[in-house]
Amino acid sequence: MIILGIETSCDETSAAVVKDGRHVLSNTIASQVEIHAEFGGVVPEIAARRHIECIGYIVDEALGEAGVTLADIDAYAVANGPGLAGALLVGLNYAKGLAFINKKPLIGVHHIEGHVCANFLETELEPPFLSLVVSGGHTSLLAVEDYETYRIVGATRDDAAGEAFDKIARVLGLPYPGGPQIDKISCDIEPTITFPRAKVPDYDFSFSGLKTAVIQYIKKEENPDIPNIAASFQKAVVDVLTDRAVAACLNEGFAQMTLAGGVACNKALRQAMQTAFNQKNIRLYMPKPVYCTDNAAMIACRGYYSIKNGKNDGLNLNAFPGRMV
């Protein structure tokens, strides 16, 4: 089965062709980072307009790279939430048009479930497993019982980890996007500042207090040591994410763990997670960085398993910018 996936939930316009859910034939992405860097963050209206400009040629590029035509596509999978409303509608309506013209099934994909499914690409991973999803808008622990059953085990009570990275980067004067910049300048630094780790019940997360503590620390310093502050902040975030993931995996009884989402590109987080789960003899899966950030291959993968389960959303499918798993 060949699926064409479309992803326009935020500021990447992406299309991908995936065979049988796991074999990526193409995965094309048009990034808007340079456009939004001027504003220090994503401007929703600009993002939507750029998607309109890009979507057609990105889909054509994905088909060409995969060596297929629209006649070869068995179904269309498109991210329809959560995300920016205008951005989501661009990809959704384009996918609807293709499905209508070619009389093929249309599947709406939850963006976060797509991130989880990035771990299926080019691996032998099978459910059940626990997944830590860390991105600019989400920080969640999800129990994946089977291909269609996702259960929230823990979630952020305020700011997402990625949002905290970007905010602290702005305060430190680092360019957008801030998360990769903090990771870059922290790589050779041994952090010496102890920032607080929020203690919240169950397996939830909280980063607003940490963010405030770092900002107040910066304000009190006449000559702030930016690399050390960045590294110390990053360690605090990584420690919390790793500790909660390990505790939840052990207590929930999972033998497999996955990492997903844009912040899963963070080198310190990947190393800490790998070390921690190796010590517990639990298999850890992490996607390649290109599959951690927003991409259509993960959407096509998720769509494939929905179709296998008999799902077909049809042309009345709508966008749900704020929906959760």
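Helices (H or I, at least four residues) and strands (E, at least two) are DSSP runs, numbered from the N terminus. We're working on a predicted model, where local features need pLDDT of at least 70 and side-chain atom pairs count only at pLDDT 80 or more, while totals for chains, interfaces and linings use all residues. Residues are numbered from 1 along each chain as its sequence is written, and side-chain values use heavy atoms, with hydrogens and water left out.

**Exercise 1.** Work out how α6 packs on α8.

*Solution.* First, the geometry: the axes of α6 (residues 178-186) and α8 (residues 226-252) come within 8 Å and cross at roughly 110°. Axes here are lines fitted to C-alpha atoms, for helices over the stretch in contact, and angles run from 0 to 180 degrees between N-to-C directions. That makes α6 roughly perpendicular to α8 (the label covers 65 to 115 degrees).

Next, the residues: I182, D183, I185 and S186 in α6 meet I226, P227, A230, A231, F233 and Q234 in α8 (contact means heavy atoms within 4.5 Å). Sort them and you get seven nonpolar, two polar and one charged. For that sorting, Ala, Val, Leu, Ile, Met, Phe, Trp, Tyr, Cys and Pro count as nonpolar, Asp, Glu, Lys and Arg as charged, and the others, Gly among them, as polar.

**Exercise 2.** Which two non-glycine residues, K103 and N281, have what phi, and are they buried or exposed?

*Solution.* Take K103, in the loop between α3 (85-102) and β5 (106-110): its phi is positive, about 55°. Then N281, in the loop between α9 and β10 (283-285), has phi near 55°. Finally, check accessibility: K103 is exposed, with a relative accessible area of 72%, and N281 is exposed, also at 72%. Exposed means over 50% relative accessible area, buried under 20%, and partly exposed in between (1.4 Å probe, protein chains only).

Notes:
Angles under 35 degrees count as roughly parallel, over 145 as roughly antiparallel, 65 to 115 as roughly perpendicular and the rest as oblique.
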